[in-house]
Each structure stands twice: as C-alpha cells, then as structure tokens.
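The following report describes selected local features of one protein model. The sequence and structure come first.

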Amino acid sequence: MTDTSAVTRPPSLLALYDPQWKLDPYALYRAMRTDGVVVWDEWMRTWLVLGYEEIVQLSKDERLTGARVESFYEQLPASARTEMKPLKTALADMMLFNEPPRHTRLRRLIKPGLTPRFIRELRPLVQEIADDLLDQVVGSGRMDVIRDFSEPLTRRVVGRLAGVPDDALHLLSDWPGLLHEFFTQSRKAVPRINELRAVFDRQTAARRAGTADDLFSRMIAGQLDDADYTDDEVFANFLLLIDAGQATTTHVIGNAVLALIQQPDQQSLLRERPELANGAAYEFLRYDGSVQFTSRVALDDLEIGGRHIRRGDTVTLVLGAGNRDPEHYPDPDRLDVARRAADQLSFGHGIHYCLGAALAVTEIEIGIAALLRRAGDLHTVDAEPDWLESVNFRFLQRLPITFTPLG
C-alpha cells in the first residue's frame with residue numbers, strides 16, 4: 001500500500017497514468033479525500049464523488065442521467081459518425097444508457113429471465129468449464145491466469161448464455177469494452193459487432209416464433225410476446241450481456257488471484273474454509289474491482305457532500321474509492337475474505353444495478369474455489385503486475401503464475 005502521508009493531492013484521475021498511482025489507485029483516492037468526499041477534477045472537468053454514502057445517494061438520484069451516448073456521438077466529425085454508427089446504435093439501445101421510461105421497458109426484456117433458479121441451473125456449466133480449463137494447465141505447474149483461465153471461463157459461459165454458436169465463439173475472444181471503444185473513438189469493435197449481428201439474425205425468426213432453444217432465446221421468450229421490442233433493441237441487449245458478462249468478471253478473477261498471492265493469510269483462510277467462497281466473491285469485488293468509476297450528467301442543480309453541482313455538470317461516481325471508504329468499511333485497505341461485503345458498489349445501485357450480478361458472483365466464487373483446490377503455493381512470475389493503461393478499467397493484461405499441482 002502506497003504511503004500518502006507526505007503526498008500533495010494529485011489534481012486529477014488522469015494521474016492514474018503515472019506509474020505510482022497506476023499500481024495503487026486507492027492511494028490516489030485516499031489523497032484526494034483529504035479535500036472532501038466530493039472534489040472537482042479540473043483536468044477531466046468533472047465532479048469526483050469518493051464517499052460510499054454519497055455514491056449510493058447519487059446512484060438513486062433522478063436528477064442525474066447516464067444517457068450520454070447520443071450527445072457524445074453528435075459532437076463527432078461527420079466521417080467518424082458514419083464509421084461508428086453501428087457501435088452508437090447498439091449502445092443507445094442498451095438499457096444501461098437509457099433512463100425511465102425506456103430504461104424500464106428495456107430492462108424488462110432481460111430481468112424476468114435472470115431468475116435465481118436460472119442462475120442455479122448455470123452453476124454446473126460454470127463448474128464444468130472451470131474444471132476443463134484447469135485440467136489443461138494444472139499438470140504444467142504454471143499458467144497465465146487471464147489467458148488460460150479467467151478469460152476463457154467467462155467467454156465460454158457468456159457464449160452459452162447469449163446463445164452464440166460454436167462457429168462464432170471466436171468473435172468473443174479478447175473482447176474490448178464497447179463503452180471504452182466508443183468514448184475513445186475506436187473503430188476496432190465495429191466489424192466484430194457487424195459479424196455478431198449476422199450471427200444474431202440467423203435466429204431472429206425462430207426466436208420470434210418461440211422455437212429457438214438457446215439460453216438467450218429461452219430467457220427472453222415470454223417478454224417478446226408481451227411487448228413490441230424491435231430487433232435492434234433485442235440485439236443491443238444481447239450485446240450488453242456479452243459486453244457486461246466478459247471483461248469485467250474476467251479481471252475481477254485475475255485481480256482476486258493477485259490479491260490472494262499478495263496476502264497469503266487470506267489465501268490460506270479460504271483454502272481452510274471453502275464455505276467462505278461466496279462471501280469472498282463480494283469482498284474481491286470490493287477490494288479491487290475491475291471498473292473504477294461510472295459517469296453521469298446533472299439534469300438539475302443539486303447539493304452533495306457540501307458541494308454545489310450545477311445543471312449540465314458531469315459527475316463521476318468513483319466506485320473504487322467508495323469501496324475503500326473507511327467510514328463504511330473498517331480497515332478498508334485490507335483484504336478480508338470473511339468480511340460481509342455484499343453491499344459493495346461494483347454492481348451499482350438503484351435502477352442501474354447490474355442484472356448479471358448473480359452470474360458474476362457465481363463465476364468468481366466457482367472459479368477461485370476451483371483454482372485453489374487444484375493449485376497450491378501460488379507465486380507470480382512478473383516482478384510487478386502488468387496493468388492496462390486506463391483510468392477506469394482495472395485490468396491485468398497478463399498474470400503468469402507458478403504453483404504446485406494438487407490434482
């Protein structure tokens with residue numbers, strides 16, 4: 001943990017590109033909190049909300065909106081708008097980037113199908129995939145946790161959930177975060193989206209007729225009968241399942257393995273008490289989540305944390321800071337696999353609470369438990385973690401480890 005006792009508060013989240021803060025963004029948040037739980041980031045032109053209670057409050061505040069895709073798109077040059085239109089269209093039709101009443105309607109497409117029973121039925125699939133992946137590497141005593149385990153685990157699970165056929169699973173490999181691609185004006189994801197649309201359209205007629213038997217079609221079957229959803233809307237939220245269900249969970253698992261190696265007492269505790277695995281999944285999300293913040297725009301003036309936020313201001317809810325808020329979590333910079341952390345912020349709050357939260361927790365729980373059963377004496381190979389260059393995404397680009405095979 002970085003010592004901030006003699007540190008002047010860095011002025012912006014952009015400081016996370018500095019190697020010091022890149023390794024430990026939580027030290028940056030601690031330094032910023034010396035000026036309060038809500039501070040102005042001059043470089044990024046946004047209010048940073050760092051306190052747990054304030055983040056929860058604003059997550060439920062109807063005076064903030066996350067519907068910002070169209071406004072950003074309209075500011076792009078004409079040539080960029082043409083090239084990025086497929087990505088914009090998909091994002092604009094996702095429930096995540098809409099507010100009521102449209103958000104409510106789009107959420108109703110997916111939510112009824114993601115029942116606790118449905119998630120329980122997926123557990124054997126997650127376990128089977130985790131075991132199969134470990135079978136392939138355990139004998140060697142080494143692996144890259146991201147490449148060999150967490151990424152293919154989430155890819156294969158979400159592929160089955162979304163009903164992506166085997167001949168198209170390659171389209172899910174090395175999945176880029178679509179929102180990141182959009183706001184960085186990257187065109188790399190567009191051809192992949194177009195190919196996935198062609199795959200999706202193969203099943204459209206059967207999906208509408210109720211004869212498609214893939215998991216995604218089963219999950220939304222009742223809702224398609226009850227509401228007039230367009231094919232674009234159904235495709236967008238098919239993409240949302242893929243986008244939200246892959247990279248974020250992949251990297252929470254990677255971050256969790258790194259944390260357990262760095263804090264071997266917690267690794268030992270989890271080995272000795274495997275019944276802690278489900279609760280530990282929430283603690284991993286709290287301790288080092290893969291998404292550090294989410295942004296909103298103020299629709300009206302409001303007061304929070306002693307600050308006046310004006311209509312039109314951008315507000316950034318720094319989830320990573322809230323998850324380490326000492327006012328809410330005792331000793332927040334310590335990983336504690338026995339901690340009750342189900343109220344962590346990584347899934348959001350209010351109407352935008354992550355619909356796939358239960359599946360993500362299931363994958364983290366089963367993935368980490370399976371790894372600890374099959375691999376002992378974990379050690380990292382690299383001297384320092386290889387983090388993605390990003391202010392928002394806490395992604396390990398690789399995590400090579402050695403271990404003692406346990407069976």
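Arg 339 is buried, at 11% relative accessible area; buried denotes under 20%, exposed over 50% and partly exposed the range in between, with a 1.4 Å probe and protein chains only. This arginine belongs to the loop between helix H17 (319-322) and helix H18 (357-374). Helices (H or I, at least four residues) and strands (E, at least two) are DSSP runs, numbered from the N terminus.

The side chain of Arg 339 forms a polar contact of 3.2 Å with the side chain of Glu 283. Such a contact is a pair of N or O atoms within 3.5 Å; within protein, one must be able to donate a hydrogen and the other to accept it, and residues adjacent in sequence count only if both atoms are side-chain atoms. A polar side-chain atom of Arg 339 also lies 3.2 Å from the backbone oxygen of Asp 331.

## Basis of the model

The model is predicted: local features need pLDDT of at least 70, side-chain atom pairs count only at pLDDT 80 or more, and totals for chains, interfaces and linings use all residues. Residues are numbered from 1 along each chain as its sequence is written, and side-chain values use heavy atoms, leaving out hydrogens and water.

## The open sheet

Five strands, in the order E1-E2-E8-E5-E3, make up an open sheet with mixed pairing. Its edge strands, E1 (38-41) and E3 (64-65), each pair on one side only. Pairing requires at least two DSSP bridges between two strands.

Strands E5 (residues 294-298) and E8 (residues 314-317) are antiparallel and share four bridges. Val 315 in E8 is the bridge partner of Arg 296.
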